[in-house]
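This report describes selected features of one protein chain. The sequence and structure are shown first, and the findings follow by topic.

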Amino acid sequence: MAAAGRAWRAAALLPPWRLRAPRRAYGAAAAGRGGGGGGGSSGSSGGGRLLLGAAFALGGGAGLYLAARHRLREHSAAELPAGSLQLTLYQYKTCPFCSKVRAFLDYHGLPYEIVEVNPIMRKEIKFSSYRKVPILLANAGSPLQLNDSSVIISAIKTYLISKRNSLEEIVSFYPPMKTVTEQGKEVFEYGNKYWLMLDEKETKRVYPVKEVRVEEMKWRKWADDWLVHLISPNVYRTPREALASFDYIVREGKFGTVEGFFAKYMGAVAMFFISKRLKKRHHLQDNVREDLYEAVNEWVKAVGKHRLFMGGNQPNLADLAVYGVLRVMEGLEAFDDMMVHTKIQPWYKRMEEVIQKAEVAV
């Protein structure tokens, strides 16, 4: 089945804050080693820290996710003309939330520098009290830190459209709200993170009718609240798939022989069992592929037969969000199965083409 699938491809949040420039160089020391550590205690053994780091390397938030062989192209912020928006994205290569931000930036032709964060030590983001990714450092005259993928996308999109407010003013429109989870943990959330902060004239230009805006916001939220939770149970569905996922991260990451062994075998075992807990938490079917297929076909149905994208002739923010999430499965059996057993392929290929064209144009 996987072989048949491959045939189709013949080829917690803290508020954004004013920054003092961190005393470090933007380097690629952690390139190829995605992830977000922080799950273990400081007294854990080296192997335990490695396992947690490798697990978090496959995503963040409510699950741990894996991308396959999507080549990242570095965009040098230093090449931008003076006074332009300069961006640096701190990320884990295989995180679906980071993939969403990259899809957005690439489509809009925005140059940016990538800093790959080490999933174990996370030294690259030691300047930040916010310990998740993505983090976007944006400088449009004064340096700012933006957290949360949807806030990043909404704030930067607003900045691109509106000429009335500075980026700093726009970011202030997305204040964090403290809330308590079912487990009693205090977290910060952004209740308006799917809104673009536009005036009436700008809103009518971007959203000719109210329903267009409502639809985009609905499906952006759906990508975060539902689609993203289907990734981990599917890429770690069986021991074989879990091992294939960790085989990728070991090959792509900077692991020594012993580190690679722990990451590949212990990580695969751990994530296989974690995926079962995630399956139960999100009330998925016994065959989690069916949930993935249903979700993807639901999206295709929402786009409809008479639109190239949900945004019409060009992708909107919902298109970019869904594509960014699904893209992290490329090269894995779950992705191949999805392409064979759902109707997503034509839309997905159009998304690939339009983003590749935008990248070439930069």
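Cys95 takes part in none, and the cysteine sulfur nearest to its own, that of Cys98, is 3.6 Å away. Cys98 is likewise in no disulfide, its nearest cysteine sulfur being that of Cys95 at 3.6 Å.

Cys95 counts as buried, at 0% relative accessibility. Cys98 is also buried, with a relative accessible area of 0%.

## Helix 3

Helix 3 covers residues 96-107. At 1.5 Å a residue, its 12 residues should span 16 Å, and the end C-alpha atoms are 16 Å apart, which agrees. Just after helix 3, Gly109 adopts a positive phi of about 65 degrees.

## Ser99 and its surroundings

Ser99 lies in helix 3. Its relative accessible area is 1%, and Ser99 is therefore buried, the limit being under 20%. Leaving aside residues up to four places away in sequence, Ser99 touches Gly324, Arg327 and Val328. Ser99 and Leu326 are 227 residues apart in sequence, yet their C-alpha atoms are 9.0 Å apart in space.

## The largest nonpolar core

The largest nonpolar core has 88 residues, of which Ile156, Trp299, Leu326, Met329, Ile344 and Trp347 touch the most other members. Helix 12 (residues 317-327) supplies the largest share of this core, with eight residues.

Beyond residues up to four places away in sequence, Leu326 touches Leu227, Val296, Phe335, Met338, Ile344, Trp347 and Tyr348. Two of these partners, Ile344 and Trp347, are themselves among the core residues that touch the most other members.

## Confidence of the model

The mean pLDDT of the protein chain is 78, and 74% of its residues reach 70 or more. Over residues 1-52 the pLDDT is below 50, although this stretch has 127 contacts in the model beyond near neighbours in sequence. Residues 54-83 also have pLDDT below 50, with 103 such contacts in the model. Where pLDDT is low, the predicted coordinates should not be read in detail.

Note on methods: Residues numbered from 1 in each chain as written. Predicted model: local features only at pLDDT ≥ 70, side-chain atom pairs only at ≥ 80, totals over all residues. Heavy atoms only, no water. Helix = DSSP H or I, 4+ residues; strand = E, 2+ residues; numbered from the N terminus. Buried < 20%, exposed > 50% of the residue type's maximum accessible area, 1.4 Å probe, protein only. Contact = heavy atoms within 4.5 Å. pLDDT = per-residue confidence, 0-100. Disulfide = S-S within 2.5 Å. Core = buried A, V, L, I, M, F, W, Y, C linked by side-chain atoms within 4.5 Å. Expected span 1.5 Å × (residues − 1).
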